[in-house]
Amino acid sequence: SQANFEEDSQKQPAVGHWKTLMPSKGSKEEPETGCQDAGGADETQSTEQLNVSRLRSSSVEIREKGSEFLKEELHKAQKELKLKDKECERLSKVREQLEQELEELTASLFEEAHKMVREANTKQAASEKQLREARGKIDMLQAEVTALKTLVITSTPSSPNRELHPQLQSPSKAVFRKGHGRNKSTSSAMVSAASQNVTPEPVSHECKEVNSILFAEFQAWKESPTLDKSCSFLDRIYREDVGPCLDFTKQELSELVRVAVEQNTLTIEPVASQTLPVVKVSAEECGGPKKCALSGLPRTCKHRIMLGDSGNYYYISPSCRARITAVCNFFTYIRYIQQGLVRQDVELMYWEVMRLRREMSLAKLGFYPSEM
């Protein structure tokens, strides 16, 4: 019907007829294009707005994450700072403690050093004092050695000098002090040679011949003198003279006497008169004035012996005294030789030793001077 209407209108146009305002085909396309353009712009604008909102949301998210990360890092840094502060505080305390200990150690070291210096000064003073005393003793000993050498040269066991040896005088002429006199075996063991009424003829007037075996043994001993009885020289004399001479009836006391003679600790002293005061009242006296402690026989005892510092006295008969003094004479002379105090020819020393051995042989057989 519309097509018919259009045909009628085209065929019969009328003036003043309402003309339809329909756009033409070309005009129809333009509004559609404008709408399309407007729609695309809106879409672009919305896309841009969406992108901006996305950017804004992402930036906010980044900001939040960054702030959280920074907060975490700040928190960690604060924790580390606190730990560092604690460590610094601990180290400062350790330093203060070390400084205090160092000061105490320094003070103690200085005190110890001053103490050591004082002790060193004290020891040095004591050492100097001991040195002075030792030098004084050395001088005194040197003087005694010089005097002893002079004594040995001017007085020998074969010809003792009575003026240089007052103790060699006979008991009747001896001066007693404090009740009795004392003769040590170190200096007065040669009493027998001085107390003899009849002196033997000089050795030079006798016919003598050197025993080669005995002389060789003495020469070997003289090269290295010793008191060790294991050497051949002293071993022979111990077997042939010393042993038999000191072999008494009382075996136990005989052994003690032999040891005292070897150690040079035997004391022989005359028996003091009963009117004189007794020095050692508490000392044990074995035997008696009328009984010999070594032989056990009833004999008149004019002397008594003491072994070391025991304080025990033993009365001895004249025969026992002669045997003991003969052995003491021998030991005294060989000690002089060992100490280098005898300045004689080897042969002269040998004959002096033989004379002392002859005295021991006579004494062990029972011969003794009447003044014994």
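Two strands count as paired if DSSP finds at least two bridges between them. Keep that in mind for the close-ups below, which come from a predicted model.

**View 1. Strand β4 meets β2.** Here β2 and β4 run antiparallel, joined by 5 bridges. For a spot to look at, find threonine 267, which sits opposite methionine 306 of β4.

View 2. Isoleucine 305 has tyrosine 314 in β5 as its bridge partner.

**View 3. Is β4 buried or exposed?** Buried: 5 of the 5 residues of β4 fall in that class, so the strand is largely enclosed by the rest of the structure. In a regular strand, side chains alternate between the two faces of the sheet. For β4, both faces are covered. His303, Ile305 and Leu307 are buried on one side, and Arg304 and Met306 are buried on the other.

View 4. Zoom in on histidine 303, which lies in strand β4. Its relative accessibility is 4%, and the cut-off for buried is under 20%, so histidine 303 counts as buried. What does the side chain of histidine 303 make a polar contact with? The partner is the side chain of arginine 321, at 3.4 Å.

**View 5. The largest nonpolar core.** Nonpolar side chains tend to be buried together in soluble globular proteins. In this model, the largest nonpolar core has 49 residues. Val242, Leu266, Leu294, Ile305, Ile324 and Phe330 are the ones that touch the most other members. Elements giving two or more residues to this core include the helices α4 (212-223), α5 (232-245) and α6 (251-263), along with the strands β2 (266-270), β4 (303-307) and β5 (313-316). α7 (318-338) and α8 (346-364) are on that list too. Which element gives the most to this core? That would be α7, with 11 residues.

**View 6. Helices α7 and α8 side by side.** The axes of α7 and α8 come within 8 Å and cross at roughly 165°. An angle over 145 degrees counts as roughly antiparallel, so α7 is roughly antiparallel to α8. As for handedness, α7 passes α8 in a left-handed crossing.

How values were computed
Residues numbered from 1 in each chain as written. Predicted model: local features only at pLDDT ≥ 70, side-chain atom pairs only at ≥ 80, totals over all residues. Heavy atoms only, no water. Core = buried A, V, L, I, M, F, W, Y, C linked by side-chain atoms within 4.5 Å. Buried < 20%, exposed > 50% of the residue type's maximum accessible area, 1.4 Å probe, protein only. Helix = DSSP H or I, 4+ residues; strand = E, 2+ residues; numbered from the N terminus. Polar contact = N/O pair within 3.5 Å; in protein donor to acceptor, adjacent residues only side chain to side chain. Axes fitted to C-alpha atoms, helices over the stretch in contact; angles between N-to-C directions. Parallel < 35°, antiparallel > 145°, perpendicular 65-115°, else oblique. Left-handed = near helix turned anticlockwise from the far one by under 90°.
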